[in-house]
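Subject: Structure for you to look at

Hi,

Here is the structure I promised to pass on.

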Amino acid sequence: MSTSTGSPLSTLREMGARRIGLYLVLLAGIVFYLIPVETAVATMFKTQQAFTATAPYVPALGEGFSVSSAIRAWETLRPGLVDSMLMAIPATILSALFGSLAAYGLTTIDWRGQVAVVVLIIAGIFIPYQAVLVPLTTFWFQIWPGLVTGFVNTVFGFVTGGNWAYPRSGNVQLIQLTITHAAYGIPICTLLFRSYYQAISDEMIEAARLDGATAFSIYKNIIFPLSLPMFAVTLIYQFTQVYNDLLFALVLLNDPNTQVATQRLVRLTGGVQQDFTLTMAGAVIAALPTLLVYIFFGEQFAKGVAE
Amino acid sequence: MAQLTLDDITKIFYDDDEGEIRAVDSVSVDIEDGEFLCVVGPSGCGKSTTLRMIAGLEDVTSGEIRLGDRVINDQPPAQRDVAMVFQSYALYPHMTIRRNMAFGLEQSTDLPKDEIRERVDDAAQLLGIDDLIDRKPGELSGGQQQRVALGRAIVRDPEVFLMDEPLANLDAKLRADMRTELQHLQEDLDVTTVYVTHDQTEAMTMSDRIAILNDGKLQQAATPLECYHEPNNRFVAGFVGEPAMNFFEVTREGETLVAGDFEYPLSASVADTLGAETDLTLGVRPEDVELVAEPGSDHDYDAVVDVVEPRGNENTVHLHFEAGDHESFIATVEGMRTVAAGDAVTVRFPEEAIHVFDGATGEAIRNRDMDTVEQIESAV
Amino acid sequence: MREILTRLRTAGARLRSAARRTAPTDDKVATDGGTAVGERRRTALRDRLPVEWELVESSPFWLPPVVLAGFFVYGAIFWNAIISLTDWEGLSLSGADYSDLDVEMYARLLGDGAFWQATQNTIVLLVVFTLLCLVVGLLAAILIDQQIRFENTFRTIYLLPMSLSFVVTATMWAWMYNARNGVINTFLRLLNLEGLLVTLLKPEAINATVLQWLSWNTTALPAVIFALLWQFSGYAMVVFLAGLRAIPTEHYEAARVDGASTVRMYMRVIVPQLRASAVSASVVLMVFALKAFDFIFALRGDQPGANLDILATMMYREAFTGGNEWAYGSAIAIVLFVLALLIIAPYLYSEYRRGEL
């Protein structure tokens, strides 16, 4: 590698020792970062007996091996996984699309004062969501249903007779959560796309304008196709963020039948008597979607993170 | 077919820190139909801004841009019937060469698909890139991309070609080749062309006329030889020609120009043309400075060679006067002549070759005699 | 060749007639032609606009997302600030009375011991967590930057915890810290360190023989910080790695030629150049720390106890459980928001000054 070839043998040997030391430290790092996950996986496949008899990070084989906790956790979490997907996938796509459009209008098309809008948008990434929880709850449970009900009964009064009521089912709450996540995802997606669009050549956009392309045509024919790699980054990063969230779901979903995976995992671990084979199974199963996304698209995730 | 007229155009930018910036200041030029005009000047002189105003990529602060009789100031770029070639080529990286060239026609006309195809094929054949037409820009060399950029402009058959340093990204050899080719192409197509460059060699060799800008102001718009032999002012004199003209700050005392290290006596006929100004600048082109064997006239001076830069066919010789070191200057002598650093030589500034400028304003008061130029040129 | 040239050049007129938005070529057409008049009008409209044309042209793209995000972010914060000035509490969601606004809730905060405890915990978490993450992340980045084999694998694994939900990592670390047979205590037992640590760390009033990391007020917050460090140091590493890669190799080589040792080279030459990376990583990490609600809630529910209560959990508890103290919760939320603002405003301002936005 980078060792200079002209060095005396002793230096080489010393360099070799340093190299070995380096790799040992790096491997220790791997142990550090993986052991909680490894322990969780090892624990979820143990019988109660094996659980008490073996060290936590040693996987049980043979008699001590059991999938019963995994199955129980899977059954508890499965509806949550479905709801999480139903919510996170559209929310992510919406955020990415909106973010890309906003970044295009705020970057590629240049106008004075746009930085002020950009600052407001970017600041939106960093706000603690506690600061919006109370209004958010009031909006989705009080204001919005009121507005829609009033609107429907006024405009379609001849059909409803003024008796239509806003559906307060779990599914509607899930849609509301989806819209919420889509909206709060816009700032980070805008930032990701903006830094990407800043790198796109101005001259190319000008060439397209000279070619007679409209703002929309430039987006459709040039910007959008060119930003497909960034869409991959944004979708992956944002999916992880939305799927992993607990707070919004906690305040916006109150139907016990419609709960996302993170909520169900909290309920699973919330019991008085902790059964760690079960909670670890739950943790691993709940982590599986983002874990798989990360394993297959780690590169894009790292890019999203680095911004 | 139309001529392009820039009538007193001005561009002012507003900057938060620096306030008003006059990037282009009252520039007026007529560009004849089919003419090749090079706009040159140092970086920041406003040449690109001028081009971008013609293209419609920048608003015009005041003045009029006309194409034929029609004022195009407020028209969006696509409606002006101009096509632009950019320094970076600005090709669409995700589209094939064919789509790159067809995009403008697709976007701005209702031409049927097969007709677009035909025009693209024609242009590609004309430029010798017909076998590359299904590739993407990333697979092409710089020179090939340059051709595609040209092709993209040609297929639209515009009234005016605008070119912003289109050859600057090519290596020296390719640049020289493309220069010739571009010139032929422009002649064949006979389209009015405005070509921006910072390279005065490019401007001199390619264009029908040169427009020289400095600090947003038009210094001179004339044929390359006029700019070379009859510059309007000191800036043009110094900008055109390589190596640049030698300048000496002088004071006129009677019929003599007095500099730090030498005195330049004027003949009565020349002195008469200079007017009353006494604070002057004397200019002599390096190629007009002669190295003579013996002092033989009033315009001969003893000088010492500082540095010699051999260029093969000629040498660029840096000198200073033996009388002092207030002034140094450059002479171009033929390559076979042997001079070396430290040599004492005699130099002659022939009176017919001198330029005299107003010391304060830089305006040309007297340019070299053109008779001798014609003699020289007919002799060559 | 001639033929092609002619074809290309003679099509001009036809092209112009095929142009969709034909521009007027002479005055007569300009006054009579509908398109030309439309064109004039558009131009006139453009001139009369109080703002730039590009702003108008681009607004269909950025305005809807900005309005949507602006409504949910700034509209909600503003509303939240108003609510914090009311006395709203109780189960009814329509109970806010906006006619009588005062700062009573903020006065109440000042006298609330739980608030000060939560603020203290929040700030300790914020500062210690961020600093540790930077140190660990920087070391990891430097190690990974030594032209090692399998660089991608190392990097991927170090960053992996960041892809996990707070809820998942909290669940896993609850087990890691388990007193009887969690991984941490098992390790310490193998090293014969548990007894020593129990005497060192045990709170005075408690009689214990095993380390109860998450229960003791001496260890609970550090334990949580350690778990968060595990989750987010990979992020700091990625940011530093990008910063290291941006430093020209000449700087390393120049330091080597000058005979600097590796450690000195990093301390004197390389690390000072990572300031920008450190700042941007810090901002993001601090914001993560402010959002650590999910982690603590998953670990301890809405009553994490004084030693783990942070402003985020306190706000949720006050507003959403028990008495539904909406106004009081909102006031805590505003404090949290101001804390976040104190962190990001200088950062965004400096980025703006450097023209990086």
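In chain C of this predicted model, have a look at helix α12 (residues 220-246) and helix α15 (residues 275-290): their axes come within 9 Å and cross at roughly 160°. That angle makes α12(C) roughly antiparallel to α15(C), and the crossing is right-handed.

Still in chain C, the domain assignment gives domain 1 (24-83) and a domain 2 made of two segments, 114-177 and 213-353. The C-alpha centres of domain 1 and domain 2 of chain C are 42 Å apart. Four residues of domain 1 of chain C are in contact with six residues of domain 2 of chain C. On the domain 1 side of chain C, three of the residues touching domain 2 are nonpolar, one is polar and none is charged.

Chain B is also split by the assignment, into domain 1 (4-234) and domain 2 (243-379). Here the C-alpha centres of the domains of chain B lie 38 Å apart, and six residues of domain 1 of chain B are in contact with ten residues of domain 2 of chain B. The domain 1 side of that contact in chain B has one nonpolar, three polar and two charged residues.

Now for the sheet in chain B. It is open, has six strands in the order β6-β7-β8-β3-β9-β10, and its pairing is mixed. Which strands stand at the edges? They are β6 (82-85) and β10 (217-222) of chain B; each has a single partner strand, so one side of each is left without a neighbour in the sheet. On average, neighbouring strands of this sheet are turned by 20° against each other, ignoring direction. Helix α4 (residues 142-154) of chain B packs on the sheet and touches β6 and β7 (160-164) of chain B. The direction of α4(B) makes about 175° with that of β6(B).

Further along the sheet, strand β3 (residues 36-40) and strand β9 (residues 209-214) of chain B pair in the parallel sense, over four bridges. One pair to click on: B:Val39 has B:Ala211 in β9(B) as its bridge partner.

Last, the contacts between chains. Chain B puts 15 residues into its contact with chain A, and chain A puts in 14 residues. On the chain B side, β6 and α2 (97-108) of chain B are the elements that give two or more residues, and α2(B) gives the most, with four residues. That side of chain B divides into ten nonpolar and five polar residues, with no charged ones.

And how many residues of chain A are in contact with chain C? There are 83 residues of chain A, and they meet 79 residues of chain C. Helix α13 (residues 276-306) of chain A gives the most to the chain A side, with 15 residues. By class, the chain A side that touches chain C has 60 nonpolar, 21 polar and two charged residues.

Over to you!

How values were computed: Residues numbered from 1 in each chain as written. Chains lettered and ligands numbered in written order. Predicted model: local features only at pLDDT ≥ 70, side-chain atom pairs only at ≥ 80, totals over all residues. Pairing = 2+ DSSP bridges. Axes fitted to C-alpha atoms, helices over the stretch in contact; angles between N-to-C directions. Contact = placed C-beta atoms within 7 Å. Domains from an automatic or database assignment. Nonpolar A, V, L, I, M, F, W, Y, C, P; charged D, E, K, R; others polar. Parallel < 35°, antiparallel > 145°, perpendicular 65-115°, else oblique. Left-handed = near helix turned anticlockwise from the far one by under 90°.
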